[in-house]
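Please read it alongside the sequence and the coordinates.

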Amino acid sequence: MTKYIYVFLSILVSCGATERPNIVFIVADDLGWNDVGFRNPNMKTPNIDKLAAEGIIFESAYVQPYCSPSRTAFMSGMFPFRVGMQHKVLGRAQPACVPLNYTFLPQELKKLGYATHMVGKWHLGFCKWECTPTYRGFDSFFGYYGAEEDYFNHSVGASLDFRDNELPARNYTGEYSAYTFTRKAVDVINQHNVSQPLFMYLPYQSVHAPIEVPEKYFNMYPNVLNHGRRTFSGMVSALDDAVGNVTKALKEKGLFENTLILFTTDNGGPLENDANNWPLRGGKHTIWEGGTRGTSFMYGAGLTKTKTTYNGMMHAVDWKPTLVSAAGGSPDTFIDGMSHWESIRNGLPSSRTEFIYNLDDFEPATEGHAGIRVGDYKLLMGYPGAPDGWYKPNMNRTRGDVFDNLIYLKGDSPVHLYNIREDPTEHNDLAVKMPEMVDKLRARIDEYRKQMVPALFPPPDPASFPKNFGNVWSPGWC
């Protein structure tokens with residue numbers, strides 16, 4: 001009798017696992033609002049466009065103005081200012097990482113029976129092994145720990161930052177990272193046991209600096225005369241091919257029909273690298289809409305109202321609980337994020353009414369000092385980051401653009417107020433006309449400030465230097 005009970009329970013667990021969707025979470029690094037074909041016909045992104053058009057395009061999904069803070073939000077479901085990750089990004093030599101008391105998304109999905117794999121960029125700290133992907137919920141990791149590196153030799157200067165699980169990955173010199181990461185992602189898919197649900201986190205290096213791309217993608221944009229914009233555009237198309245190859249592998253493995261794909265940028269596009277956030281104001285390194293309103297969409301399993309856009313307010317902290325809900329789990333109630341799964345899949349209003357763009361008192365807060373959205377209104381206090389302004393990409397001129405840069409000021413002044421629903425491009429500052437609204441939103445910021453954790457931004461530690469580890473950036477020094 002015991003034997004039959006065991007077999008019955010095993011069948012139940014197996015059935016439950018197969019009903020859970022596979023989840024592929026793709027992050028494009030530094031992709032601008034207008035750097036995709038579904039918004040900009042000059043961009044050649046047919047694979048991304050098809051998924052977006054047949055899924056749900058998010059029009060009000062927000063991210064942080066920088067890499068590490070957004071990835072903190074993705075993985076932990078916490079606003080960066082509440083975990084100390086609000087200031088700039090983590091440098092390779094800094095002895096810090098997202099605090100270990102926070103449970104990451106793959107750890108939650110493992111509780112639901114998922115196989116969890118990561119391919120790509122980490123950028124959440126690596127000074128000790130406990131900070132690294134395979135210690136924070138991933139069954140496997142192939143990628144790099146830091147912010148940026150050469151796309152072909154996978155190094156910063158003479159020092160390698162490329163890992164296959166815990167070991168240095170030394171045999172990939174000369175291969176463009178989008179090719180390598182896609183090949184590794186396809187390997188994960190092909191080797192996956194289909195009786196278990198799959199979670200794959202795929203944060204590509206593309207299209208972060210340095211601006212590099214194989215020639216065939218550069219040649220896809222002969223009408224773009226500006227070298228920087230042409231190269232950046234080619235990088236986006238290389239990323240699109242990567243997405244197409246991953247979806248092809250999912251189809252060939254028989255997983256695609258039961259796969260939910262989330263695609264998002266980690267911040268707005270950097271204008272200085274020829275990204276395109278038009279018509280939004282500003283870009284990466286700012287808390288203007290161009291730095292924080294992220295290009296994103298969802299496609300696939302579980303969605304009932306598709307081929308549409310979704311205007312509900314969401315933030316990067318919401319992706320963790322939303323994906324846990326999509327997987328059939330119960331999200332934590334003590335994190336900042338909230339699940340929008342039922343709202344997204346059924347086209348219902350968002351339950352989020354406010355969020356923090358950033359709160360950073362660590363001077364100089366060059367990525368934006370303080371900002372909040374409450375309902376339709378957005379309040380910025382102090383320095384909002386730079387560059388400022390509205391820029392179409394430099395397509396047909398060979399010289400570079402000169403951007404508007406504000407003078408850095410400490411503190412909570414000046415203030416700017418916008419009605420984002422009516423004025424998403426932030427042209428009409430209402431601060432003088434609506435002082436009562438300014439006071440209301442300032443009071444909300446003051447409440448959030450009571451929850452702020454001092455920024456984890458220590459000085460570089462020479463113990464981190466690659467010469468101590470065979471010229472490889474490595475954990476184990478803090």
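In this predicted model, the buried residues of helix α3 are C67, S68, P69, S70, R71, T72, A73, F74, M75 and S76. That makes ten of the ten residues in α3 (residues 67–76), so the helix is largely enclosed by the rest of the structure.

**Helix α3 and its surroundings**
- The cover over the buried residues of α3 includes the strands β1 (22–28), β4 (115–121), β10 (198–203) and β11 (259–265).
- Helices α4 (105–111) and α9 (319–326) are also included in that cover.
- G77 follows α3 and has a positive phi, near 75 degrees.

**Nonpolar cores**
- The largest nonpolar core has 76 residues, and F25, F58 and M298 are the ones that touch the most other members.
- Helix α11 (residues 435–449) gives the most to this core, contributing five residues.
- Another core, of 53 residues, lies apart from the largest one, and its members include A28, I57, V186 and L198.
- With neighbours within four places in sequence left aside, F58 is in contact with W33, R39, L262, G294, S296, F297, M298, Y310, M314, W319 and I344.

**Strands β15 and β16**
- Six of the six residues of strand β15 (residues 354–359) are buried, so this strand is largely enclosed by the rest of the structure.
- β15 runs antiparallel to strand β16 (residues 370–374), and five bridges join the two.
- Within this pairing, I372 of β16 stands opposite I356.

**Residue N34**
- N34 sits in the loop between β1 and α2 (46–54).
- The relative accessible area of N34 is 10%, which is under the 20% limit, so N34 counts as buried.
- Beyond its neighbours within four places in sequence, N34 is in contact with R39, N40, M43, N276, N277 and W278.

**Cavities**
- Where empty space is left can be shown by rolling a probe the size of a water molecule over the atoms.
- Searching the whole structure gives three cavities of 30 Å³ or more.
- The largest cavity holds about 50 Å³ of space.
- Its lining consists of L90, G91, R92, Q94, A96, H123, G125, F126, C127, Y145 and G146.
- Sorted by class, the lining of the largest cavity has five nonpolar, five polar and one charged residues.

Terms used
Residues numbered from 1 in each chain as written. Predicted model: local features only at pLDDT ≥ 70, side-chain atom pairs only at ≥ 80, totals over all residues. Heavy atoms only, no water. Buried < 20%, exposed > 50% of the residue type's maximum accessible area, 1.4 Å probe, protein only. Helix = DSSP H or I, 4+ residues; strand = E, 2+ residues; numbered from the N terminus. Pairing = 2+ DSSP bridges. Core = buried A, V, L, I, M, F, W, Y, C linked by side-chain atoms within 4.5 Å. Contact = heavy atoms within 4.5 Å. 1 Å grid on protein atoms, 1.4 Å probe; cavity = no way out; pocket = protein on both sides within 12 Å on 5 of 7 lines; lining within 4 Å. Points joined across faces, edges and corners; volume = space filled by probe spheres on them. Nonpolar A, V, L, I, M, F, W, Y, C, P; charged D, E, K, R; others polar.
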